[in-house]
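Here is a short briefing to read alongside the model. Keep the viewer open and follow the topics one by one.

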Amino acid sequence: MDLTDLSREVSYALRHAPWEYELEPDAEGFVPVGQLLAALNETGHYSRPVTTGDLEAVVNAPGKRRHEIRDGHIRALYGHSFPMRVAFEPACPPAVLYHGTARRFLPSIMEEGLRPMSRQYVHLSADTDMARQVGSRHDRRDPPAILRVDAAAAHADGVAFYPTGNERVWLCNALPAKYLSVFK
Ligand code: HQG
């Protein structure tokens, strides 16, 4: 079983297209593990039936933590784009967060701020390494731009920040440009 392929399809189902798998995520984005397994095993994408153990291996794989299993249910920790908005509890953010992006997006971002674009939330990184990884996905040639987010000031002004089950990933609804500066 190729866990990377499985992880990609689980992300696709739980972040972007649950209806393609006949899944109905609850308010926090959870679906029953059994329902996801049944749907994955109907696709014919896998050489043998996918098991709960395979999903646990995906969730616990080293590297970026993307999903969680709790009480027989599984969800994506962030990244959602499907129309029904997943609820996150706001919390006090670290004073500084980062956002990695492609250099070509900077003029627009510095004018209109960070917007969620096709996702439900803007994604922020707790450290510059994560921001670099995130930004690199948008530009294969040039190094990414890293924006420094003055989260303390934004939070003091009433902007809500949401921690995720991945301590290196924070969310917000949108972020005006006045809280952003080019770090690198
Ligand atoms: C940009 C992946 C122009 C924004 C990642 C970003 C992350 C603007 C792109 C997670 C803009 C959206 C999310 C504006 C924002 N004008 N461009 N006003 N506002 N943008 O993929 O943050 O690895 O939806 O800078 O690693 O790159 O799949 O968001 O470049 O954690 O687990 O619009 O998804 O997680 O791109 O990535 P995305 P993201 P996984």
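Gln-35 is partly exposed, with a relative accessible area of 40%; here buried means under 20% relative accessible area, exposed over 50%, and partly exposed in between, with a 1.4 Å probe and protein chains only. This is a predicted model, in which local features need pLDDT of at least 70 and side-chain atom pairs count only at pLDDT 80 or more, while totals for chains, interfaces and linings use all residues. Residues are numbered from 1 along each chain as its sequence is written, and side-chain values use heavy atoms, with hydrogens and water left out.

- Gln-35 is found in helix 2; helices (H or I, at least four residues) and strands (E, at least two) are DSSP runs, numbered from the N terminus.
- Leaving aside neighbours within four places in sequence, Gln-35 is in contact (heavy atoms within 4.5 Å) with Glu-22 and Leu-23.
- From C-alpha to C-alpha, Gln-35 and Glu-22 are 8.3 Å apart in space, and they are 13 residues apart in sequence.

- The buried residues of helix 2 are Val-33, Leu-36, Leu-37, Ala-39 and Leu-40.
- Seen down the axis, these residues fall within an arc of 165°, so they line one face of helix 2; the arc is that of the directions from the helix axis to the C-beta atoms.
- Helix 1, strand 1 (31–32), helix 3, strand 2 and strand 3 are included in what covers the buried residues of helix 2.
- Just after helix 2, Gly-44 takes a positive phi of about 75°.
- In helix 3 (residues 52–60), Asp-54, Leu-55, Val-58 and Val-59 are buried.
- Their arc around the axis is only 140°, which puts them on the same side of helix 3.
- The buried residues of helix 3 pack against helix 1 (3–16), helix 2 (33–42), strand 2 (67–70) and strand 3 (73–76).

**Aromatic pairs**

- There are four aromatic pairs, counting rings of Phe, Tyr and Trp (its six-membered ring) whose centres lie within 6.5 Å; planes under 30 degrees apart count as stacked, over 60 as edge-to-face and the rest as tilted.
- One of them is the edge-to-face pair of Tyr-12 and Tyr-21, at 6.2 Å centre to centre with 70° between the planes.
- Tyr-12 is partly exposed, with a relative accessible area of 34%, whereas Tyr-21 is buried at 10%.
- Tyr-121 and Tyr-162 also form an edge-to-face pair, with 5.5 Å centre to centre and 65° between the planes.
- Tyr-121 lies in the loop between helix 4 (106–112) and strand 5 (122–125) and Tyr-162 in strand 7 (residues 161–163), so the pair ties together parts that are 41 residues apart in sequence.
- Both Tyr-121 and Tyr-162 are buried, and together with Phe-88 they form one aromatic cluster.

**Thr-101**

- Thr-101 lies in strand 4 and is buried, with a relative accessible area of 3%.
- Not counting residues up to four places away in sequence, Thr-101 touches Leu-106, Ile-109, Gly-135, Pro-144, Ala-145 and Leu-147.
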